[in-house]
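User: I'd like to go through how some labels in this model were assigned. Can we take them one at a time?

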Amino acid sequence: MYQVIEGIISPVNDNYGKKDLVPSHHRVAMARLALQTSDWIRVDSWESEQTQWMETVKVLRHHQSQLLRSATRVEGPDSGKTPSDTAAAPELKLLCGADVLKTFQTPNLWKDSHIQEIVEKFGLVCVSRVGHDPKGYILGSPILCKYQHNIHLAREPVLNEMSATYVRRALGQGQSVKYLLPDSVIAYIKDHGLYVTDSSQKGRSIQKNKGKTS
């Protein structure tokens with residue numbers, strides 16, 4: 001049984017190369033706006049501020065070392081506690097969707113050594129996705145199967161098909177994302193003209209002029 005002490009959102013570096021990836025300072029700012037009311041999830045900009053894209057396992061190593069360093073400062077080197085009295089050191093796990101779990105099977109996308117380190121040293125918490133079979137992905141991979149005890153499948157009572165890709169697509173098409181994002185984030189996107197395409201601008205122009213006659 002785990003006690004969750006915090007969640008960390010780590011926006012990816014600009015050099016990740018994903019299509020339509022807005023600059024990291026915008027993504028960090030939007031994440032912080034979205035988490036203004038959260039008392040346990042925080043945004044960490046370290047990954048986004050590096051000079052180059054960092055592989056996932058390297059980001060996990062960084063955050064794990066930071067967690068252990070923080071735990072040491074809290075306990076103190078001369079706390080007088082024996083090892084049996086000391087609370088368990090915090091563990092870091094990678095939270096991902098079942099679609100990410102599937103990518104472990106994609107040839108040449110992940111290094112086997114990195115997959116093994118992630119599931120053996122850190123562990124995964126995998127959220128279900130419609131149309132995906134996380135149990136099948138685990139059984140179909142020798143590495144995942146070996147360390148399946150360290151892969152936790154989150155079973156949601158209500159499946160949610162919402163994704164960041166869907167929201168970005170809706171924004172690009174000029175559709176409303178009210179209730180899908182906090183109002184502060186929607187305002188930020190609008191103020192900075194993010195995720196806007198020529199077609200979405202045209203669609204908004206048509207809607208504005210609808211009903212007008214010359």
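User: What does the side chain of Ser-48 reach?

Analyst: The backbone oxygen of Ser-45, at 2.8 Å. A polar contact is a pair of N or O atoms within 3.5 Å; within protein, one must be able to donate a hydrogen and the other to accept it, and residues adjacent in sequence count only if both atoms are side-chain atoms. A caveat: this is a predicted model, where local features need pLDDT of at least 70 and side-chain atom pairs 80 or more, while totals for chains, interfaces and linings use all residues. Residues are numbered from 1 along each chain as its sequence is written, and side-chain values use heavy atoms, leaving out hydrogens and water.

User: Why is Ser-48 called buried?

Analyst: Its relative accessibility is 8%, and buried means under 20% relative accessible area, exposed over 50%, partly exposed in between (1.4 Å probe, protein chains only). So Ser-48 counts as buried.

User: And why is Tyr-166 called partly exposed?

Analyst: Tyr-166 has 38% relative accessibility, so it falls in the partly exposed class. Tyr-166 sits in helix α7, residues 164–172; helices (H or I, at least four residues) and strands (E, at least two) are DSSP runs, numbered from the N terminus.

User: What makes the sheet β3-β4-β5 open?

Analyst: Its three strands pair in parallel, in that order. β3 (94–97) and β5 (151–154) stand at the edges with a single partner strand each, so one side of each lacks a neighbour in the sheet. Pairing takes at least two DSSP bridges between two strands, and β4 (residues 124–127) has four with β5.
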